[in-house]
Amino acid sequence: MEMQEMIGKAEQDIRQALKDYGAHTSQTGVLDDVSERFIRRLARDSSHAKQGLRGLFSRSPVWDERIDALVINGTRTHDPDYDRILELGLEILQDALDRDDDRHYNILQALNLFCCAHQSETDRDLSIAAINALAPKAYTPTKKPGRVFKALCDALGIADEVAGSRFQRLFAQFADELAAKKIGFKLYVSLNPAHFLTMSNPKGDDRGATLTSCHSFNSTEYKFNNGCSGYARDVASFIAFTVADDGNPEAFNNRKTTRQVFAYRPGSGLLLQSRMYNTSGGTRGAQADSRLYRDLIQREISMLEDVPNLWRTVPSTGEKSGWVDAGYGFGGYADWTYADFDGHISFRSDFDEKRCGILEVGTYGLCIRCGDEISEGLYCYGCREDKPICNDCGEHCDGLDTAYDIRGNEVHVCGDCLDSNYQYCEICHRYHDNGDMRHVGGRDICSSCLSEHYEQCKGCGEWFKKGDTYGVYGRNGYSIQVCGSCRGGYVRCSDCDGYYHPDNTRLLIRVGGRRGHVCNDCAHNYMTCPYCSGLIEACGDGTCPSCREAIEERKGETA
């Protein structure tokens, strides 16, 4: 595709993306401000900037020119081929097999550990024993199989660490096949500027908010969505994502389910992987998906550059973090600089620090009205109107009301958004997001006031004013608060007056036959009847009244 044709296609994609982005939200004020000048410049700048990556990616059999993206799916991936693993393993180990007849059996037995989908327990034990005999420190139950095999090769003296060596090439193929995995979804690895603009789903989506963030393009709540066009205009960034419905083109622009920004300069051997975002917020619980995406992209890049797929991956906030930096003027959220967000930098075996240089990620974004370069927000200073912008709908308004969003942050919204999205707390007399409000005792109360002035009964789950609940001891022995009704299910200790779960009390027979209950702690103050094991007050012969009466009856009968 010629450059002008590519730019024209990018313009069409951006226009369609913005249309799709606003299809299910009333928060369209920002989208309405997007000018043709912005669209044309972004399409031109991005098409030129990504030429290096496009030249690399377009050599892949899964490159889709229509969407400017790689499409990695089940036809591109497979489960391990154990015949291929055996073939590669024998080729790698051939030198060791040829020179050492005494260890021939152990080498082949060790190789069996990697070449069988389902080994019997006996065969597995034999393979591990063989590895331990050849390389005592190579195997541990938690070490990845590829690393175990590499340690075995080191111990046998056949590992060649020279970049591009025969061993490296064969071992990379061996490790790839061993770690192969069939995937049942499509991973889109895109250079399309439309996908960068819509990297986070729109705020205010009437189908429910999913995968929204500070990069959501229809909001001015944060300034970081400047990075949407900033990533699209740099030379290194690309975006990997999945969508809710692959058959619905609109979902590519407003219903992403996961997404991650990566950065790579062709030939460098240095790959950045930033934070994983998903519909649950990302990072926590997303490490497995993040590892899988990184592995798929590393394989694709190495295959396209005909270099062994051998990478060393470290946290992006560790001692190697200096190899990656935000580009000058970048106004997006550089999430790879925060340890909590689980970013990574990967160095391929051919990485040369003397010629690589720093990987710069992102650059200036563009004002959505005039198209000039800016490094903050969506508007340049000259295009900002005097009227303030509602944080919810993005419209310019004559006056705004103060409210508090679901995270407790102060926001400023127009009257329509205030009526639709917020409720008045009858305790603190402030407006809070609808999702932060509870109706308790006939009053609308925000979560902060609820926790400050109310307590939740651990029995029925209802909320009561502090002072209207009672302390009891639950089944686990810890003190909890319950309402008056639920307290009826607990037993009062007649000694300490505390209320306890019935399982933690004992029946006490007092002198004179009176009965009561005591807690397990107070039970230590009493005797146990040797005949019925009942708990009793101290008495002359140490028996409870019932057992004493029975004993007396038997004595009378024998007399």
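Cys522 is buried, because its relative accessibility is 11% and buried means under 20% relative accessible area (exposed is over 50%, partly exposed in between; 1.4 Å probe, protein chains only). The model is predicted, so local features need pLDDT of at least 70, side-chain atom pairs count only at pLDDT 80 or more, and totals for chains, interfaces and linings use all residues. Residues are numbered from 1 along each chain as its sequence is written, and side-chain values use heavy atoms, with hydrogens and water left out.

## Cysteines

Cys522 sits in the loop between strand S27 (515–519) and strand S28 (527–528). Helices (H or I, at least four residues) and strands (E, at least two) are DSSP runs, numbered from the N terminus. Leaving out residues up to four places away in sequence, Cys522 touches Cys493, Asp495 and Cys496; contact means heavy atoms within 4.5 Å. Cys522 and Phe38 are 484 residues apart in sequence, and their C-alpha atoms are 78 Å apart in space.

A disulfide is taken as a pair of cysteine sulfur atoms within 2.5 Å. By this rule the count is zero disulfides. Cys522 is in no disulfide, and the nearest cysteine sulfur, that of Cys519, is 3.5 Å away. Cys529 also counts as buried, at 1% relative accessibility.

Helix H8 covers residues 145–156. The expected span of a helix is 1.5 Å times one less than its number of residues.

The buried residues of H8 are Gly146, Val148, Phe149, Lys150, Ala151, Leu152, Cys153 and Leu156. They pack against helix H5 (82–99), helix H6 (104–115), helix H7 (121–134) and helix H9 (166–178). After H8 comes Gly157, with a positive phi near 75°.

In H6 the buried residues are Ile107, Gln109, Ala110, Leu111, Leu113, Phe114 and Cys115. These residues pack against H5, H7, H8 and H9.

The axes of H6 and H8 come within 10 Å and cross at roughly 165°. That makes H6 roughly antiparallel to H8. Axes here are lines fitted to C-alpha atoms, for helices over the stretch in contact, and angles run from 0 to 180 degrees between N-to-C directions. Angles under 35 degrees count as roughly parallel, over 145 as roughly antiparallel, 65 to 115 as roughly perpendicular and the rest as oblique. H6 passes H8 in a left-handed crossing, a term for a near helix turned anticlockwise from the far one by less than a right angle (right-handed if clockwise). On the H6 side the contact is made by Ile107, Ala110, Leu111 and Phe114, and on the H8 side by Pro145, Val148, Phe149, Leu152 and Leu156.

H5 and H8 pack at an angle of about 25°, with their axes 11 Å apart. H5 and H8 are therefore roughly parallel to each other. The crossing of H5 past H8 is left-handed. Gly89, Ile92, Leu93, Ala96 and Arg99 of H5 meet Phe149, Cys153 and Leu156 of H8 in this contact.

## Loop residues

Tyr333 lies in the loop between strand S9 (324–326) and strand S10 (344–348). Setting aside neighbours within four places in sequence, Tyr333 is in contact with Cys214, His215, Phe224, Tyr231, Tyr277, Tyr338 and Phe341. Tyr333 and Arg294 are 39 residues apart along the chain, and their C-alpha atoms are separated by 20 Å.

Leu211 is placed in the loop between helix H10 (193–197) and helix H11 (226–232). Although it is not a glycine, Leu211 has a positive phi of about 50°. His429 is in the loop between strand S16 (422–424) and strand S17 (431–433). Phi of His429, also a residue other than glycine, is positive and near 60°.

| Residue | Relative accessible area | Class |
|---|---|---|
| Tyr333 | 17% | buried |
| Leu211 | 4% | buried |
| His429 | 52% | exposed |
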